[in-house]
Amino acid sequence: MTTQREAAFEPEDLARLFVRYARAGDAEGLAALYEPEAVLAYPPGQVTIGRDAIRAVFEKMVTMSLPPPGPEETLPTVRNGDLALTSTRPADNTGGRVQVARRQPDGRWLRIIDRPELPR
């Protein structure tokens with residue numbers, strides 16, 4: 001059975017949807033926010049390439065006993081045509097999170113590069 005999920009029609013929607021799916025323990029929903037060949041700079045010091053590999057990382061993460069992520073302060077988005085640079089300031093003051101997203105032909109935005117943590 002396929003689950004219908006909300007799509008990101010603005011690049012800023014991606015951070016909000018990420019929090020929603022993470023809180024729900026929805027690894028498939030998290031992975032759906034990424035293009036099929038996206039790059040995730042996680043776990044720390046490693047690079048995960050492709051939606052299937054990213055899904056596997058999220059499947060491990062949602063089973064860990066971590067506090068659920070909360071909404072984070074969204075910083076201004078920088079756009080250039082169908083590309084957008086988004087970022088948030090983590091509530092735990094761990095540095096910053098940055099992502100590059102691309103508008104899809106159907107108008108949705110998906111992440112193509114994601115660096116969840118930048119050291120301070």
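A salt bridge is counted here where a side-chain nitrogen of Lys or Arg lies within 4 Å of a carboxyl oxygen of Asp or Glu. The model is predicted, so local features need pLDDT of at least 70 and side-chain atom pairs count only at pLDDT 80 or more, while totals for chains, interfaces and linings use all residues. Residues are numbered from 1 along each chain as its sequence is written, and side-chain values use heavy atoms, with hydrogens and water left out.

**View 1. Arg5 and Asp26 are joined by a salt bridge.** The N to O distance between the two side chains is 2.9 Å. Arg5 belongs to the segment before α1 (13-23) and Asp26 to the loop between α1 and α2 (27-31), so the pair ties together parts 21 residues apart in sequence; helices (H or I, at least four residues) and strands (E, at least two) are DSSP runs numbered from the N terminus. Asp26 is buried at 18% relative accessibility, whereas Arg5, at 25%, is partly exposed; buried means under 20% relative accessible area, exposed over 50%, and partly exposed in between, with a 1.4 Å probe and protein chains only.

**View 2. Arg102 and Glu35 form a salt bridge.** Their side chains meet at 2.8 Å, N to O. Because Arg102 lies in strand β6 (residues 96-103) and Glu35 in strand β1 (residues 34-40), the pair ties together parts that are 67 residues apart in sequence. Arg102 is partly exposed, at 34%, and Glu35 is buried, at 11%.

**View 3. Arg111 pairs with Asp114 in a salt bridge.** The closest N and O atoms are 3.3 Å apart, and both residues are buried.
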